[in-house]
Amino acid sequence: SRVYAGKNAYWSIPNAGEPADHKLTSASFKVEGDAFGLKFKHRFAFESDARRKKDFDGGVVEVSLDGGSTWKDASEYGPVDYNVTLDNDTQGTNPLKGRKAFGNKSEGYPDVWREEVIKLRTGPAEAVQVRFRHGADDNAVDKGWDIDDIELTDVASKPFYAFVAHRDLCDENGPKVNA
């Protein structure tokens with residue numbers, strides 16, 4: 001969902017208390033060269049247990065080179081600064097269990113936004129997509145994952161054709177309705 005802070009907004013994926021598999025997916029774009037860049041800011045607080053040293057919920061970045069038919073972790077195309085490996089209990093219900101991920105709490109949470117800059121060596125591709133994926137098991141909750149300022153570099157086509165004013169920012173002197 002979108003969260004508003006004044007006139008700014010960012011994406012927020014709540015850390016669910018039941019098995020969950022949430023995805024924020026880009027539109028398709030084209031890469032002509034050997035690689036493209038992905039830059040974004042984020043902060044996160046996912047379910048973990050410091051005493052048992054286990055991380056149960058978290059988020060990953062995934063890439064599709066075929067318009068969304070198949071997905072691979074972004075770390076297969078370049079280094080991603082994941083900070084945990086999610087618990088891999090055989091009875092665990094997190095769809096991302098056992099994977100490296102962003103988990104626990106980001107440093108300075110909630111005041112500090114962490115910036116990620118990832119260079120993804122995909123080779124040329126016509127229908128590339130990026131998605132942010134959150135996985136949760138069926139236990140405790142935490143705040144979740146906030147994502148902002150997503151930027152792609154070295155792409156031949158943009159997934160969005162223009163920046164436009166957000167539709168909810170209305171003219172204060174605009175039309176009034178009286179029902």
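**Close-up views of a predicted model**

View 1. Residues are numbered from 1 along each chain as its sequence is written, and side-chain values use heavy atoms, with hydrogens and water left out. Tyr82 is buried as well, its relative accessible area being 12%.

View 2. Rings of Phe, Tyr and Trp (its six-membered ring) pair if their centres lie within 6.5 Å, and planes under 30 degrees apart count as stacked, over 60 as edge-to-face and the rest as tilted. By this rule the count comes to nine aromatic pairs. In one of them, Phe46 and Trp145, the ring centres are 6.2 Å apart and the planes stand at 70°, so the pair is edge-to-face. Phe46 lies in the loop between S5 and strand S6 (48-49) and Trp145 in strand S14, so this pair ties together parts that are 99 residues apart in sequence; helices (H or I, at least four residues) and strands (E, at least two) are DSSP runs, numbered from the N terminus. Both Phe46 and Trp145 are buried. Tyr82 and Phe102 form an edge-to-face pair, with 4.9 Å from centre to centre and 70° between the planes. Ring pairs link Phe40, Phe44, Phe46, Tyr82, Phe102, Phe132 and Trp145 into a cluster.

**View 3. Val61 and the largest nonpolar core.** A nonpolar core is a set of buried Ala, Val, Leu, Ile, Met, Phe, Trp, Tyr and Cys residues joined through side-chain atoms within 4.5 Å. The largest such core has 31 residues, of which Phe36 and Val61 touch the most other members. Elements that give two or more residues to this core include strand S5 (36-45), strand S8 (58-64) and strand S11 (100-103). Leaving aside neighbours within four places in sequence, Val61 is in contact (heavy atoms within 4.5 Å) with residues including Leu38, Phe40, Tyr82, Phe102 and Phe132.

**View 4. The loop around Gly68.** Gly68 lies in the loop between S8 and strand S9 (72-73), and Gly68 is partly exposed, with a relative accessible area of 27%. The C-alpha atoms of Gly68 and Ala27, which are 41 residues apart along the chain, are separated by 9.4 Å.

Methods
Predicted model: local features only at pLDDT ≥ 70, side-chain atom pairs only at ≥ 80, totals over all residues. Buried < 20%, exposed > 50% of the residue type's maximum accessible area, 1.4 Å probe, protein only.
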